[in-house]
Amino acid sequence: MWPVTRALWPAVAMLLGLQLSSSSPDQIVDRSSKNLFSVPTDLPRTVESLDLSQNHIKQLHRGDFKNAPLLRIFNISWNGLEEIDPETFRDTPLLEDLDLSHNRLKKLSGQRYLLYTQNLVALNLACNNFLSMTLGSEFSSLGKLDRLALGAKNISMGDFKNIAEVKLLTLTLSLEVELGYEAGSLMDVHAQRLQLALTGVEIIDHDLFADALSLFTEVELMNLRDGYQALREQLRKRAEIHTSNLFLTNVSMKWDDLTECVNVVLRTSITHIEASDVTLSSLPRQETNVAESSKVKSFTVRRATVRDFFFSQEAVYNFFINIQAESLAFVETPIIHMTCPMSQSPIVELDFSFCAISDTIFSRVNSTRILDCENLVNVRKLTLVGNNLKSFQVLSERMQYMTSLQHLDLSLNSLVYDGLLECVWPPNITNMTLSSNGLTDSVFKCLPKGTETLDLQNNQVSVVPLSILKLANLLYLNLNANRLRDLPVCNGFPLLNELLLRSNSLHAPSVNKLESCPKLKTLDVSNNPFTCTCALRNFISLGIKSEKNSQTGITLLNWPLDYFCTYPESTLKDISIPEISCNVGLLAATILCPAVLVIIAVMTLCHRFDVPWYMGMIWQWTRAKHRARTRQVRPEDLVGVEFHAFVSYSQQDADWVHNSLLSNLEGPAGGLRICHHEKDFVPGKTIIENIIECVEKSRRSLFVLSAHFVKSEWCHYELYFASHQRLAQGSDSVVLVLLEPLPQYLIPSKYYQLKSMMRRHTYLEWPQDRAKHRLFWANLRAALQVNLPNVPVTESDQ
C-alpha cells in the first residue's frame with residue numbers, strides 16, 4: 001500500500017519541500033508514531049508542516065487547527081480516521097498538501113471539508129473504505145489541484161464528472177481487490193499522467209488499461225508481479241494508442257516476459273519507455289531476438305537487479321544494445337560491460353550512469369585481439385558518470401569509431417593518464433566532462449583537438465603545460481578544485497572565453513599571464529588561499545575594475561564576496577597594500593638612502609673614537625668573567641699550582657714586562673702571583689727543568705708576543721711546554737698578548753703551535769693610546785684571575 005503514498009509525496013516535495021528545507025524547528029512538526037488519539041493542542045502558531053501519521057486519531061474536529069493558520073502540509077495517514085468535521089480546515093486557508101491515505105473514510109461523495117481547502121495542490125485519499133469512486137461536488141472547488149490519489153472498489157461512468165474542469169498533472173488510482181471498472185469511466189479526467197498502483201490485485205483490469213492507453217499521454221504501472229501476457233495482447237490488438245510515455249515502477253518480471261513486452265511495445269506508437277526498480281529472474285543462457293524496427297525514441301532502465309547467478313551476461317547486454325531507439329539508458333544498475341550492436345545502430349544518446357562499467361566497454365575479444373566497436377557511429381552523446389573506468393587512453397580507443405560523438409561525460413570515475421601512449425579520440429567531440437577523476441597535467445596531451453567546452457574540476461592538475469596540444473576551439477575551461485598555483489597561459493587555446501579556477505592553491509595570481517588570453521571575458525578565482533602581498537596588487541586592481549562593470553575588461557565572478565586573504569585575514573577588496581612597500585626604487589630612496597647616511601656617520605664616529613676596539617675589549621672581558629663564573633674548577637686541578645700565570649717573553653721586551661706588565665698584575669694593583677724566570681727560576685737546575693717546573697706550577701701561561709719573541713730559542717721551548725699543558729688543562733690555559741703587530745708570514749715554521757693558537761684564540765693587543773691601557777689591564781686580569789689554594793709566601797712576595 002505504501003507505493004501510492006510514495007508516488008504522490010516526491011512530487012509534492014518538489015513544489016513545497018524546497019521551501020521548508022531552511023525552516024526553523026517550529027515550522028516543521030513531526031508527531032508521527034506518538035500513540036496520539038487527537039490532534040495536539042500545543043502546536044506552535046508558526047507550524048507549516050505537520051506529520052501525525054501512524055497514530056490512533058479517529059476524528060478531526062472544527063478548531064483542531066485554530067492555532068495553526070500557516071499550515072501548508074498535513075499528513076494524517078495510517079490512523080484509522082473515520083470522520084472529518086466539514087469545518088475542520090476552516091482555520092488553515094494556506095493548506096496545499098493533504099494526505100488522508102490508509103484510513104477508514106467511507107464516502108468520496110461526502111468530503112465536505114474540501115470546501116475550505118481551495119489552495120490544495122496535492123490530495124491523497126487512497127486506501128480508504130470507499131465502495132464507489134463517485135466524487136462529490138466539493139471536488140470541483142479544487143481548481144489548483146495538481147496531484148490526486150484515489151482508491152475504491154468500483155469505478156463507474158460519471159464518477160469523475162466533478163473534476164472534469166480540473167487540469168491534473170497526475171491521477172493515481174489505487175487498485176484494490178475485486179475492482180469493478182466500467183469502460184469509459186475515466187473520460188471525464190484531464191490528467192497528463194495516470195498512475196495505476198496495484199495494492200491488492202496482481203492483474204490490471206482489461207478495460208481500465210484500454211482506457212489508460214486511449215486517454216492519457218503518460219501511463220505508469222506500479223507494483224506489477226503478473227499479468228504481462230494480457231498486457232501484451234492488448235498492446236498487439238490496439239490500432240491507436242494515445243499514450244506516448246509508458247512507465248513501469250517497482251515491478252518483478254521474468255526475462256521472457258520482459259523481452260516479449262519490450263518487443264511488443266517497440267511495434268506500437270509508444271515513444272518513451274522507462275522501467276524503475278525492476279527485479280529480473282529466469283535470465284537467458286542464449287541470445288534473445290529483439291524487434292528490428294520501432295518508433296521508440298528512448299528506453300530507460302533504473303535500478304534493475306537480478307535474482308539469478310548463472311546466465312549469459314553477453315545475451316542480456318546484446319538484447320538491450322540492439323534495441324532500435326534513439327536514446328538508451330541504464331542508470332544505477334550494476335552492469336559491468338556493454339557489448340557492441342550486431343549492425344549499425346540508430347542510437348544517438350547512450351547513458352550508463354552509476355553502473356559498474358569497466359574499460360572493456362563496447363569491445364570484444366577475437367582470438368588474442370581486442371576489437372573496438374564500429375557500429376555506434378550515430379552516437380552523439382555518451383554519458384558514463386560514476387563507473388569503474390580507469391584508463392583515459394584506453395577509452396579513446398574504445399570510442400575511436402564513434403565518428404558522430406560530440407558530448408562525452410566521464411565524470412566520477414578513476415581515470416588516469418600517464419602521457420606515454422597517444423590518444424585516438426573521434427574527431428567531432430566538442431564537449432568533454434572529466435570532473436572528479438585522478439587526472440594530472442598530462443591530460444592536456446590526450447584531448448580531442450576540436451574540444452570547445454572542457455570540465456576538469458576536482459582532479460589533480462597543478463599546472464597547464466606550455467607544450468600542450470593546441471585546442472584552437474576551446475571556449476570554456478573548468479579547473480575548479482584542482483591544485484593550480486598560478487593562472488595558466490592561453491597559448492594553447494587562443495579563443496578561451498571563460499576560465500574557472502575556484503578552490504585551487506593560488507596565492508598571488510600573475511595577472512600579466514592574462515595578456516595571452518585575448519578573448520577571455522569571464523574568470524572565477526574565488527575561494528583560493530590568497531596571500532595579500534605586493535604580488536597581489538595587480539589582481540586586486542583587476543577585481544575592482546570588474547566590479548565597475550568595465551565593458552572591455554574581464555568579469556571576475558563572485559567578486560568581492562568569495563575573495564579572502566588567508567594572511568592577513570581580510571577580504572581582498574578591503575586590503576590596502578601601499579605602493580611604497582612594493583616599489584623597489586621608491587623603497588630604496590625612502591629607506592636605504594637615509595640608512596646609508598646613518599651607517600656612514602656611525603662608522604665615522606666609531607673610527608674617530610676607536611669604538612670597535614673598545615667593544616672588542618669589553619666583549620673579551622665579559623667572556624672572561626663569564627668563563628670564570630661558569631667553569632667548575634676542581635680542587636684536584638689546582639693541586640701544586642702556586643702561580644696565576646707563568647710569563648714568557650723575549651729579553652728584548654723585558655723593560656715593558658717589568659715596568660708595565662708585572663706592576664699592573666702583581667702586588668696591590670693586580671693581586672696576582674706571576675712566575676717569571678728572573679725571579680722564580682731555581683739556581684742549579686737547567687733552564688729546561690726550570691721552564692717545565694714553572695709551567696706546571698702556573699694556572700696559565702702568558703706569552704708576550706713580538707718580533708723579538710719569535711726569534712728567541714728559549715721562548716720556543718716555553719711555548720712548546722705550555723702547549724702540552726694546554727692539551728691537558730684546556731684551551732684557556734694559554735693567554736696571548738700581542739705587544740706589536742705580528743703578521744703570520746713573520747712567524748717561523750717551527751712556531752706552528754703559535755700560528756694555530758693565533759688562528760683559534762682571541763689575543764689581547766697592547767694599545768699605544770694611554771687612554772686604553774686601563775681597559776687592557778682589566779681584561780688581562782680577568783683572563784688570569786682564579787682562586788688559588790694557600791701557598792707558601794716567599795720573600796719576593798713580601
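**Cysteines up close**

Modeller: Let's start with cysteine 532, which counts as buried because its relative accessibility is 12%. Buried here means under 20% relative accessible area, exposed is over 50%, and partly exposed is in between, using a 1.4 Å probe and protein chains only. Bear in mind that this is a predicted model, where local features need pLDDT of at least 70, side-chain atom pairs count only at pLDDT 80 or more, and totals for chains, interfaces and linings use all residues. Residues are numbered from 1 along each chain as its sequence is written, and side-chain values use heavy atoms, with hydrogens and water left out.

Cysteine 565 is buried too, since its relative accessibility is 4%. Cysteine 532 and cysteine 565 are joined in a disulfide (a pair of cysteine sulfur atoms within 2.5 Å), with 1.4 Å between their sulfurs. Cysteine 532 is in the loop between β28 (530-531) and α7 (537-547), while cysteine 565 is in strand β30 (residues 564-567), so the bond ties together parts 33 residues apart in sequence. Those helices (H or I, at least four residues) and strands (E, at least two) are DSSP runs, numbered from the N terminus.

That bond is one of 4 disulfides in the structure. Another joins cysteine 340 to cysteine 373, with an S to S distance of 2.0 Å. This link is right-handed, with 65° about the S-S bond. It connects distant parts of the chain: cysteine 340 belongs to the loop between β17 (327-331) and β18 (349-351), and cysteine 373 to the loop between β20 (369-371) and β21 (381-383), 33 residues apart. Both cysteine 340 and cysteine 373 are buried.

Then there's the disulfide of cysteine 490 and cysteine 517, whose sulfur atoms are 1.7 Å apart. The link of cysteine 490 and cysteine 517 is right-handed, at 75° about the S-S bond. Cysteine 490 sits in the loop between β25 (476-478) and β26 (498-500), and cysteine 517 in the loop between β26 and β27 (522-524), so this pair holds together parts that are 27 residues apart in sequence. Cysteine 490 counts as buried because its relative accessibility is 2%; for cysteine 517 the value is 5%, so it counts as buried as well.

Two further cysteines deserve a glance. Cysteine 127 has 9% relative accessibility, so it counts as buried. Cysteine 355, with a relative accessible area of 11%, is buried.
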